[in-house]
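Subject: Structure handover, side-chain contacts

Hello,

Here is the structure for your files. My notes on its side-chain contacts follow below.

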Amino acid sequence: MSDQDLVVETVRDILSGFEPFVLTAERRWDAGLWSALADAGLTGVGLPEEAGGSGGELADAVAIVRTLAAGAAAVPVAEQLLVAGPAIVAAELTLPSPEEPLTFAVADAVTAQASDDGDGPGRFSLTGTATDVAWAGAAQHVAVLATSAVGPVLALVAVGDLPASDAFNLAGEPRGSLVLDGVAATGALLTDAQAQELRARYALARAVQLAAALEQVLAWTVQYAGERQQFGRPLGKFQAIQMELAEMAGEVTAVTALTDAAVQAVERGENVVLAAAAAKVRAGAAVEVVARLAHQVHGAIGFTQEHKLHHLTRRLWSWRDEAGSELAWSRVLGAGVLADGPEGLWPALTRVV
């Protein structure tokens, strides 16, 4: 068993002690699960030890995020391990303790004003409202991609005492707003290319979660079709159901392939924008097919509060629209593959896929 397999088994063991499919309006995020993951050092995986993380590779962090996404875990691990944490380390800012929930927000309406010379990591004052902040009210720190007079700024804000609006996505995950009225923060100036890559990393994090949830929904549907008897035989014996399962499997395979390719691009240190755009667009398109067919095979039972299916399909519908829509990333993807003109179109297409 590889180290990555051991990490995944550890996450699954921890998950087995909680009930992620029965979260209620009173428990929008799972503080107990977060504490258990943090105690095991899993909330710092993929972040360098010298920065305060637990070490490990990006693939280990991705494996953790995938496992938690498939388990409908209501914790900000994707934001911490795949987006905010690596961004803070790359900007040479001080990484908060991995035991404290950290999230990420793209906040074009927030303006950063340098409190010093603004050259490299420094002090900034943030003004504006960050909307649709993942895990607002639960995270103690937020890495904010803000604007300034001289370019994009990555700012690290302690928000433990800031009130967050009471808003949630379709899956019930916190997505409130934070009003920043001259809030002090540490930060670093970014180039436009760095800011775009950070947005792409956010989209890739959602694509990783989508891929894992899609795989789990497919697995549940195949299992249900094999167990559920109708007219004296399992549903999976009917040709119409077999065709629907095959269609779902094709969608899931395509998403997994593109997502894995984008993660590998990050590991190689390549520009990940086009690869992440392709992964996010393809994952979003697959949601409509896989969620629809899964509920069709399950029938009405999949929508009942007691059944686990809707806990993932509602996340699929929510994550599809977060970190940039399919339309937004399709435009980025189209512009990217056309950037080198007619002669560069085919090489660009083959690099993306």
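How many salt bridges does the count come to? The count is 12 salt bridges. Please keep in mind that this is a predicted model.

Salt bridges

Are Glu173, Arg175 and Glu322 buried or exposed? Glu173 is buried at 2% relative accessibility, Arg175 is buried at 7%, and Glu322 is buried at 13%.

Arg175 has a further contact: its charged end sits over the ring of Trp135, 5.6 Å from the ring centre.

Another salt bridge joins Arg12 and Glu9, at 3.3 Å from N to O. Both residues lie in helix α1 (residues 3-15), 3 residues apart, which is about one turn of the helix. Arg12 is partly exposed, with a relative accessible area of 49%, and Glu9 is partly exposed as well, at 32%.

Aromatic pairs

The structure holds 2 aromatic pairs. In one of them, the ring centres of Phe104 and Tyr202 are 5.1 Å apart and the planes stand at 75 degrees; the pair is edge-to-face because planes over 60 degrees apart count as such. This pair links distant parts of the chain, with Phe104 in strand β1 (residues 102-114) and Tyr202 in helix α5 (residues 192-227), 98 residues apart. Phe104 and Tyr202 are both buried.

Phe231 and Phe238 also form an edge-to-face pair, with 6.5 Å from centre to centre and 70 degrees between the planes. Phe231 is exposed, at 73% relative accessibility, whereas Phe238 is partly exposed, with a relative accessible area of 21%. The ring of Phe238 has a charged neighbour too: the charged end of Arg233 sits over this ring, 4.1 Å from its centre.

Regards

Methods: Residues numbered from 1 in each chain as written. Predicted model: local features only at pLDDT ≥ 70, side-chain atom pairs only at ≥ 80, totals over all residues. Heavy atoms only, no water. Salt bridge = Lys/Arg side-chain N within 4 Å of Asp/Glu carboxyl O. Helix = DSSP H or I, 4+ residues; strand = E, 2+ residues; numbered from the N terminus. Buried < 20%, exposed > 50% of the residue type's maximum accessible area, 1.4 Å probe, protein only. Phe/Tyr/Trp six-rings, centres within 6.5 Å; stacked < 30°, edge-to-face > 60°. Lys NZ or Arg CZ within 6 Å of the ring centre and 35° of its normal.
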